[in-house]
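Q: I'd like to learn how to read a fold like this one, feature by feature. Can we go through it together?

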Amino acid sequence: MSNHFFIQTLGCAKNTADSDGIGAVLERAGFQGVETPEDADVMIVNTCGFLQASREESLEAMRALGQIKQPDQLLIAAGCLISRYGENVKRQVPKVDGVIDAGKWIAMPRFIRYLREHGNHDGNWLDEAFLGLPREQLHARSVIEHFPRHAHGPSAFLKIADGCDRPCTFCIIPAIKGTHRSKPMEDVIAEARELVAQGVQEIVLVAQDTTAYGWDWNQRDVLATLMERLCSEVEGLRWLRLMYAYPGHVTPRLIETMARYPQIVHYLDIPLQHADAQVLQRMKRPNLVTTRRMLEDLRAAMLDLALRTTFIVGFPGETEDEFDALLEFIEEQEFDRVGVFEYSREEGTPAATMQPQVSRQVRARRRHEAMVLQQKISLNKNRALVGRTLDVLVEGVGELAPNAQHTRNARRDPELECGNCVSIGRSYRDAPEVDGVVIVQNELPVGKFARVKIAQASEYDLLGEPL
Ligand code: SF4
């Protein structure tokens, strides 16, 4: 019986980090990763269960693998969708042999052996004896356990904690992931060293709430200490990026640390969710006064700070006036990057029972209005960078389609002379997978930094020449 595995990851950066963990525990157990499902003996879908749209995407991914599945292959569903719906998922996708929830992936090798010996099963109800650890310890270990990480390019997500203690009324994550648990600092630093030793230039810190790092140890400001230690103890680390900060937890010490260390990029992802006082109250989110002061302090400490945030439109009871207050705030604050999501009614959350629920049409119209407003702001901000020189982390090369204004997916035709070759990279203002890119003339070494003079700008991307 050969042991080749293939992992398809859906959802957020934290799931990407979990998939790396699943890969690591399987390799440690003698399995080998493969790039395509056809070559695998075990196909694993690491699902997302956060919103309706992401659940449908996860089910679609499982169905697609189910269609190509051969009799000697196993199809396993893991992740947040399983934490929420367990074996019900198998009723929707009968080709799935086994399901195991987000907090138990550490037992994946045992689970595969079990499925091979006993046929399809629901890992969720496997007893502690089988799992070899009490359930809560298992969950904790999936966070704190240290695995040798493999780099998959010049940038890597590093999950520093899991779970969340916040009371946001629209969010199902605490019910899926449990309470906040931080990864021991020595393990985070060891993992960062391993990744940088393999050529990783950028470490992106992720968690549900990165700014609560160490709170479960009854300590405060531990995130600042962690970031200082990563900068001073991980040789060769060029960029350290912080995502998923919680507005009420950004402290003066953290801001001072971000401003002091050159490795820490002047970028912060901080979901705010709304900007109307009443809506924030119904969401149980930090109030606007706290948020405004924090944004002022951040911008005063880092003049070139790039801010990313996300907003939810169509939250139950959201009136036109409350929505207008959000638009005014977006216009006033001029964030660099904004994601706008339609409210998704999530069973089991307090907001799901709030009235009135806003209609799908109104939610869609409001999302469109907010995105159109932000596109203008983003274009102006990008245009202000024309003529500036930025460090760009090159992540790929390709060819610009003829007369393309700009294209993300530059193709590479090996036959073609490098007439129209471009490189695709990111500046400090761009987080992986969610923000824009910088398209640079010519083919540059992948995985390295290049000095780039910005020549053109679009709503989300920049075009430049290497210096
Ligand atoms: S802080 Fe984020 S993950 Fe935690 S409950 Fe709120 S929205 Fe959910």
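Predicted model: local features only at pLDDT ≥ 70, side-chain atom pairs only at ≥ 80, totals over all residues.

Q: How do I read the helix itself, and what is its reach from first C-alpha to last?

A: The general idea: an α-helix has 3.6 residues a turn, so residues three or four places apart point the same way. Here, α1 covers residues 13–28, which is 16 residues, and spans 23 Å between its first and last C-alpha, close to the expected 22 Å at 1.5 Å a residue.

Q: Is α1 mostly covered or mostly exposed?

A: Mostly covered: 13 of the 16 residues in α1 are buried, taking buried as under 20% relative accessible area.

Q: On to the strands. Which ones close into a barrel, and in what order?

A: In general, strands of a sheet pair through backbone hydrogen bonds, either parallel or antiparallel. In this model five strands close up in the order β15-β16-β17-β19-β18, with mixed pairing. Ignoring direction, neighbours in this sheet are turned by 50° against each other on average.

Q: How many bridges join β18 to β19, and which way do the two run?

A: Five, and β18 (residues 449–457) and β19 (residues 462–466) run antiparallel. They make a hairpin with four residues between them.

Q: What about β15 and β18?

A: β15 (residues 389–399) is also antiparallel to β18, with five bridges joining them. There, V392 sits opposite A450 in β18.

Conventions:
Residues numbered from 1 in each chain as written. Heavy atoms only, no water. Pairing = 2+ DSSP bridges. Axes fitted to C-alpha atoms, helices over the stretch in contact; angles between N-to-C directions. Expected span 1.5 Å × (residues − 1). Buried < 20%, exposed > 50% of the residue type's maximum accessible area, 1.4 Å probe, protein only.
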